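Subject: Model handover

Hello,

Here is the model I promised to send over. My notes follow below it.

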Amino acid sequence: MTQTDASPETTGEGRPRTTGSPAGVRTRRPDRATAGAGRLAALLVSPTLLVLTVVVLYPTLMALKESLYGPKGLDPATGFISDTEPFVGLRNYAEIFGEAGARFWNAFWNTTFFTVVTVGLETVTGVAMALIMHRAFRGRALVRAGILVPWAVPTAISGLLWRWIFNSDGVANALLGQQILWTTEGFHAKAAVIVAEVWKTAPFIGLLVLAGLQVIPKEVYEAARMDGARPVRQFWHITLPLVKPALLVAVLFRCMDALRMFDLPYILVGAQKHSVETLSMLAQNEAANVRFGPASAYAVILFLYVFLIALAFVRLLGTDLVGGGGRGRRGFLRRGEVTA
Amino acid sequence: MTAITAKWRNGLVYAGVVAVVAYCLAPFYWMLVSSLRRTGDIFDTTLVPSPLSFENYRAVFDPAQGFGRALLNSLVVAGITTVLALLLATFTAYAMARLEFRFKRLILTLIIATSMFPVVSIVVPLLKLFTDIGWINTYQAMIVPSMSFALPLAVWNLTTFFRQMPDELEHAAMVDGCTRGQAFRKVIVPLAAPGIFTTAIITFIAAWNEFLIALSMTNKPGMQTATVAISKFTGATTYETPFGSQMAAGVLVTVPLVVMVLLFQRRIVAGLTAGAAK
């Protein structure tokens with residue numbers, strides 16, 4: 001997120017960059033950084049930055065401020081409910097370690113648990129799907145269209161759909177021959193959320209990994225075969241390292257998305273359910289009950305959590321988000337825009 | 001490798017392909033099948049509804065549910081969000097792909113970083129602000145926060161599309177006497193139309209699927225978007241969840257997206273995987 005390494009692009013003196021990739025991947029030759037280009041760029045970029053400042057930066061700062069205020073209480077002098085919220089300093093944060101803390105830590109662990117488990121399962125399933133699709137030569141368009149269907153289904157709708165499947169008299173129990181009350185409190189509620197989430201997002205990872213697989217030259221595999229490498233070895237030593245950059249970015253985006261999970265548990269199981277309440281749900285619930293102080297504190301903590309994980313990805317794993325850095329132009333994959 | 005093992009291997013691959021497609025489509029198919037059952041048969045587990053019934057679809061469009069209005073709300077919110085985001089993003093993405101300027105990489109990173117932002121972090125403060133200025137239950141209260149994810153998404157996508165277009169196009173136009181602005185308007189935008197179109201679809205789907213913002217910013221049924229309205233469908237009695245009409249409404253909300261995806265799958269996949277494939 002905060003890559004500060006000065007690539008040739010960012011050093012004001014623009015010398016025409018020589019392309020590093022052999023196959024003419026980088027055909028563009030950026031114009032020199034002249035004063036004119038700078039002015040034009042400022043003109044073109046500033047509306048976007050302005051809008052993002054208003055809709056993202058400003059609310060974030062507001063949340064930060066709001067998290068330092070408590071709920072409106074009775075004014076001891078007049079006995080009426082005061083119209084201003086009292087300043088409470090860091091109390092909203094401190095309470096996490098106090099009585100209100102149990103609900104927060106539960107939400108925190110749920111969020112973390114869902115993120116680790118769903119992203120892990122998605123990655124394995126997605127990679128497996130990609131390997132299968134890569135082998136298939138006929139019907140690829142059909143497969144690709146089929147795989148896009150879970151991506152296109154709104155998360156809210158998939159929540160309802162899986163709520164129906166996991167109904168006590170629903171098809172999941174019919175298939176399993178069990179009578180599990182999936183959508184009530186308990187570990188099975190977590191399992192239901194995980195199954196639904198993996199269904200919706202694994203195909204997407206599959207699609208991204210497939211794109212990565214398709215650019216690995218066949219010669220690499222031929223050479224490996226000549227040297228006597230078995231398929232399993234080929235996978236670990238050729239396929240995985242070569243799709244790793246693409247996979248890492250996909251996993252990063254999926255993590256960011258899973259950390260803010262809201263719609264699916266909210267609809268599949270319900271609000272204020274201990275087993276599945278995530279940080280997003282907790283913050284939204286507090287805000288909807290006009291407890292803006294704690295809500296903002298939770299939102300700020302979630303934001304910091306997301307930020308730290310993204311930072312860890314970029315720093316520790318060297319995930320290249322933007323592309324166009326030292327490694328040619330590839331480098332980003334988009335999350336499946338399942339924010340909603 | 002003998003012919004027989006090759007055949008076996010091939011068979012295995014296609015069995016895998018069938019499994020993948022079945023995995024992706026089965027739940028969706030179940031939604032479709034359930035929506036076509038009569039209320040009395042809703043707990044049937046046959047793969048084909050018999051008898052076929054459109055009862056649930058009629059229930060969805062019962063004026064009391066106000067589902068038509070919810071669809072319209074979704075269309076307005078997602079439509080305006082998409083148009084605004086694309087309008088701003090086209091210019092920004094062009095600058096990102098074509099111009100050299102200070103802090104470009106930093107700015108692009110920041111824009112992309114905002115798309116990873118937890119939406120709830122902006123919903124909480126904006127909910128308070130919009131309550132104070134009386135924006136609750138308005139379209140702008142849903143459109144403005146939606147820009148926080150739609151705009152970075154559009155900039156992201158379009159930047160890749162513009163980067164893929166050869167510079168020579170503009171250089172030729174500029175040699176022929178166009179200014180940079182004219183080259184952009186008359187050469188780049190028309191040629192980038194497929195990319196802009198794909199970005200519009202992806203952005204629209206993202207905005208159409210949004211739930212948290214629409215849920216928080218509305219409390220009047222008449223202003224709810226389709227995703228929120230469905231989640232609040234009520235049955236004849238409070239104790240009975242109207243699964244049939246929920247599934248029917250789910251199909252109605254999803255089918256336009258699925259049709260779009262099927263028609264433009266090649267382009268959408270190209271858009272979504274642009275970075276990975278190059």
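The radius of gyration used here is taken over C-alpha atoms, and the globule rule is 2.2 Å times the number of residues to the power 0.38. Chain B has a radius of gyration of 23 Å, while a compact globule of 278 residues would be near 19 Å. The C-alpha trace of chain B spans about 75 × 70 × 30 Å along its principal axes.

Some ground rules. This is a predicted model: local features need pLDDT of at least 70, side-chain atom pairs count only at pLDDT 80 or more, and totals for chains, interfaces and linings use all residues. Residues are numbered from 1 along each chain as its sequence is written, and chains are lettered from A and ligands numbered from 1 in the order in which they are written.

Confidence in chain A

pLDDT is the predictor's confidence in each residue, from 0 to 100. Chain A averages 78, and 80% of its residues score at least 70. Two stretches of chain A need care. Residues 1–31 stay under 50. A contact means that the C-beta atoms of two residues, placed from the backbone, lie within 7 Å. Where pLDDT is low, the predicted coordinates should not be read in detail.

Fold of the two chains

Helices (H or I, at least four residues) and strands (E, at least two) are DSSP runs, numbered from the N terminus. Chain A has 12 helices and zero strands. Chain B has 14 helices, again with zero strands.

Burial is counted from C-beta atoms placed from the backbone: a residue is buried with 20 or more others within 10 Å of its own, exposed with 12 or fewer, and partly exposed in between. In chain A, 44% of the 340 residues are buried. In chain B, the figure is 51% of 278.

Contacts reach along the sequence in both chains. For chain A, 67% of the contacts with a separation of 6 or more involve residues 24 or more positions apart. For chain B, 74% of the contacts between residues at least 6 apart join residues at least 24 apart.

Chain B also splits into domains. Its domain assignment gives domain 1 (3–56) and domain 2 (66–232). Such bounds come from an automatic or database domain assignment. The C-alpha centres of domain 1 and domain 2 of chain B lie 35 Å apart.

The interface

How many residues of chain B are in contact with chain A? There are 95, and they meet 99 residues of chain A. Helix H1 (residues 3–35) of chain B gives the most to the side of chain B that touches chain A, with 13 residues. By class, this side of chain B has 66 nonpolar, 18 polar and 11 charged residues. Here Ala, Val, Leu, Ile, Met, Phe, Trp, Tyr, Cys and Pro count as nonpolar, Asp, Glu, Lys and Arg as charged, and the others, Gly among them, as polar.

Database annotations

UniProt positions are given in the numbering used here, feature names are shortened, and annotations may be inferred rather than shown by experiment. For chain A, an unreviewed UniProt entry lists several spans as "transmembrane region", including residues 36–58 and 145–165. In the model, residues 36–58 of chain A are 100% helix, with end C-alpha atoms 30 Å apart. Residues 145–165 of chain A are 90% helix, and their end C-alpha atoms lie 23 Å apart. The unreviewed entry also gives "domain: ABC transmembrane type-1" for residues 108–313 of chain A. That span is 78% helix and 0% strand.

For chain B, the spans listed as "transmembrane region" in an unreviewed UniProt entry include residues 12–32 and 187–208. Residues 12–32 of chain B are 100% helix, with 29 Å between the end C-alpha atoms. Residues 187–208 of chain B are 95% helix, with 31 Å between the ends.

Residues to look at

A:Ala196 lies in helix H7 (residues 187–213) of chain A. A:Ala196 counts as buried because it has 25 C-beta neighbours inside 10 Å. Its contacts beyond four places in sequence include A:Trp162 and A:Leu264.

B:Phe103 is not a glycine, but has a positive phi of about 60°. B:Phe103 sits in the loop between helix H3 (67–98) and helix H4 (104–115) of chain B. B:Asn137, also not a glycine, has a positive phi of about 65°. B:Asn137 lies in the loop between helix H5 (119–132) and helix H6 (139–164) of chain B.

Best wishes
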